[in-house]
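Subject: Structure handover

Hello,

Here is the structure I said I would pass on.

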Amino acid sequence: MTTLRFRRPSALHLVLLPLSLVMVAPLVWMVLVSFSTQAESRRFPPGLPSGLEWGNYAAALRDAPLGSWLVNSSVVSVVCVVGNLVLCSLAGYAFARVRFLGSRVAFVAILATLMVPFQIVMLPLLIMVRSVGLTDTLGALIAPNLATAFGVFLMRQFFMTVPRELEEAARIDGAGRLRILAQVLLPLMRPTLATLAVLTFLQTWNDFLWPLIAIQSPESMTVQIGLQSFQGAHTTNWPKLMAGTVLSQLPVLIVFFVAQRFFVRSVASVGIK
Amino acid sequence: MTAVLAPVPPPPVRERRRPGAPARTADHLAGWGFAAPAVVLIGLFGLVPVVWSFVLSFQHTDLTSPGTFAGGENYAKLVADPLFWEAARRTLLYAVLFVPLTMALALPIAVLLNQKVRGITLYRMAVFVPLVTSTVATGIIFGWLANPQFGLVNALLSEVGLPKQGFFQDPGQALYAVVAMTVWGWLGFAVIIFLAALQNVPKDLIEASALDGCGRVQSFWHVELPQVAPASGFLLVWLTINGLQLFDAVYVTTKGGPLRATTLLVYHLYNEAFVSFDGGYAAAIGCVVFLVILVFTVVQLRFNRRTSHFEVR
């Protein structure tokens, strides 16, 4: 048969396109309002902005310490990502590969914390943070998230899949465990580490309840909490508020677009949001 | 919501070692050397507070000064507190709306996103992107979209001749507005889980059904859908657990109002701890919520042994 067949666009687009538009519409309007003038943001019915009001962004950065909030969020997120990558790799390796006294008890205890809702943890956590003088500091946000049960679990699962033979050759050559981890296993760990990094970053960046109760002073706020307080004060100026919102979401959106693959895979393998 | 839960923690695997080689002191030291930092941190910030919260629930405390023993007074207060029961009922209503709605929307979307169509990656990203949007941002955006005076939703309503609505500012509608907002935020999560389950359906199963004369629709109903059942079970429990703990979406939109219309359980807890400074009572509420969630978790672990792994391609 030599009939020429056109590949007609699938009819599924007729459903998928509107669906996608509905899902991204709120974010699109966030950007649109952030570029509107005050008057345009309060028109009814709402419409497209006539130009790009970059002034909203300047105003948001001027009227709120958005810059330092973004820095705070970055510091907390980056430190927590690094902490998780290092500490969870070490612990995950130990639980998967080393037989040591109490390892099973310790691992089960770590898994058990996965079932504990945060609101039962937060009250004692607050007392702990106060008693060591960390109230209102970034340390209060970093310490509880430096190593997570999820990270240990993820890394242990990974190490269980690595064939032992890989290490044994290095062992015979006299390499220590740390050296094997750094030189033999690290290259294999990259995708798993990327997954852990992406999830830890998104989670600490978007974290809300803990920073809300642990931080009071504006200079120690993360961008989420700062934006929340900014919202209370500026609901009359929507474009400025939306500009701040866009800035607060930019890092997360960038990470999402760049690392979408890892993100989707990890959400699927561990229930997380 | 920041809690994490593995769908199924696999049973602890016994360490396989060459027979005859006993554990050496060096192994104990190395093992603890590697694991100690994480174990100590997680124990200190994840396990100790659970016991501590339980202790707090038997105290009168404002969380700043040392508490005094209260016996069962906090629990007695809870039983007699009409606001607690009101919040509990409302939380239940929220969960009953949020969970089925999210799942009912997610399944057909997952089926759509599982098709081989040009640009499917973009479509998928569009559905997943709300998942990474922070609750604060979501709250601000939805506050504008649902604004009673000039919001987009009211503009659409007036297009079809309906009057403007109050949404978050209307006591009769606020809870439903919160449901809509959180469904938008969680839909991507449910879609990912369903998508993973659909992709795990063995290809030869579908081919075999085709050979037996099944149409595509038939094979979907009789072959693919039953395979998705475990994922549905997981989602049902997982969304319920998270729904029962909803706090931030309420805080950023309505602050529990108007007229307490969106004061859910954890919001009530927050009020008691940080507005009324009754930390002991807040801890008691927390313990009760934890107990309910624990029941759901155990149910999930029992039912979902099979869904320990989802993979999305």
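A salt bridge here is a side-chain nitrogen of Lys or Arg within 4 Å of a carboxyl oxygen of Asp or Glu. This is a predicted model, in which local features need pLDDT of at least 70 and side-chain atom pairs count only at pLDDT 80 or more, while totals for chains, interfaces and linings use all residues. Residues are numbered from 1 along each chain as its sequence is written, chains are lettered from A in the order in which they are written, and side-chain values use heavy atoms, without hydrogens and water.

Over all chains there are eight salt bridges. One of them pairs D63(A) with K240(A), at 2.6 Å from N to O. D63(A) is in helix α3 and K240(A) in helix α13 of chain A, so this pair ties together parts 177 residues apart in sequence. (Helices are DSSP runs of H or I, at least four residues, numbered from the N terminus.) K240(A) is buried, at 7% relative accessible area, whereas D63(A) is partly exposed, at 36%. Buried means under 20%, exposed over 50% and partly exposed in between, with a 1.4 Å probe and protein chains only. R62(A) joins D63(A) and K240(A) in a network of salt bridges.

Another salt bridge, between D27(B) and R177(A), has an N to O distance of 3.3 Å. D27(B) lies in helix α1 of chain B and R177(A) in helix α10 of chain A, so the pair joins two chains. Both residues, D27(B) and R177(A), are buried.

Regards
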